[in-house]
Amino acid sequence: MFECEVSKPNQTAKWFQAGDEIKDWERFTPEVEGTIHRLTITEGHLDDSAKYSCRLNGKKTSGTLTVKGPHICCALNVTNNLVSQIKF
């Protein structure tokens with residue numbers, strides 16, 4: 001979740017991902033609570049890794065999101081009924 005606070009309550013900010021205005025509101029949820037603006041990302045994907053910014057009345061604040069993938073295990077060597085594993 002990204003959060004920013006502005007000086008005046010109940011204004012409408014715009015959220016951007018990598019410089020492009022976010023329009024996929026199925027996974028991205030904006031909220032306004034007084035002077036607090038939040039952006040929640042559900043079901044994060046690797047390609048959600050980007051710089052996010054909140055813009056309002058010519059002002060901007062930003063932060064970076066890094067999404068890391070799940071750990072994957074692979075069987076490498078099977079000798080004497082022992083399996084070696086490696087995690088990525």
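Guide: What follows is a set of questions about terms, each answered by setting a value against a definition.

Guide: This is a predicted model, in which local features need pLDDT of at least 70 and side-chain atom pairs count only at pLDDT 80 or more, whereas totals for chains, interfaces and linings use all residues. Residues are numbered from 1 along each chain as its sequence is written, and side-chain values use heavy atoms, with hydrogens and water left out.

Visitor: Why is W25 called partly exposed?

Guide: Buried means under 20% relative accessible area, exposed means over 50%, and partly exposed is in between (1.4 Å probe, protein chains only). W25 has a relative accessibility of 41%, and therefore counts as partly exposed. W25 lies in the loop between β3 and β4, where helices (H or I, at least four residues) and strands (E, at least two) are DSSP runs numbered from the N terminus.

Visitor: What does W25 contact, leaving aside neighbours within four places in sequence?

Guide: Contact means heavy atoms within 4.5 Å, and on that basis W25 is in contact with P30 and L39. As for I41, its C-alpha is 9.4 Å from that of W25, and the two are 16 residues apart in sequence.

Visitor: What makes β2 and β6 a pair of strands?

Guide: Two strands pair if DSSP finds at least two bridges between them. Strand β2 (residues 14–17) is joined to β6 by four bridges, and the two run antiparallel; across this pairing, Q17 stands opposite Y52. Two bridges join β2 to strand β3 (residues 20–21), also antiparallel, with F16 opposite E21.

Visitor: What makes β3 and β7 edge strands?

Guide: The open sheet of four strands has the order β3-β2-β6-β7, with antiparallel pairing, and β3 and β7 each pair on one side only.

Visitor: How many bridges join β4 to β5?

Guide: Strand β4 (residues 28–33) and strand β5 (residues 36–41) run antiparallel and are joined by six bridges, with E31 opposite R38. Their hairpin has two residues between the strands, and G34 takes a positive phi near 65 degrees.

Visitor: Which residues make up the largest nonpolar core?

Guide: A nonpolar core is a set of buried Ala, Val, Leu, Ile, Met, Phe, Trp, Tyr and Cys residues joined through side-chain atoms within 4.5 Å. The largest has 12 residues: F2, C4, V6, A13, W15, I22, F28, L39, A50, Y52, C54 and L56. β1 and β6 are the elements that give two or more residues to this core, and the largest share, four residues, comes from β6. Not counting residues up to four places away in sequence, F28 touches Q17, I22, L39, T40, I41, D48 and Y52.

Visitor: Which residues line the largest pocket?

Guide: A pocket, on a 1 Å grid over the protein atoms alone, is an open set of points where a 1.4 Å probe fits, with protein on both sides within 12 Å along at least five of seven lines, and lining residues have an atom within 4 Å of a point. For the largest pocket, the lining residues are C4, E5, V6, S7, K8, Q11, C54, L56, N57, K59, K60 and T61. β7 (59–65) is one of the elements that supply at least two residues of this lining, and β7 gives the most, with three.
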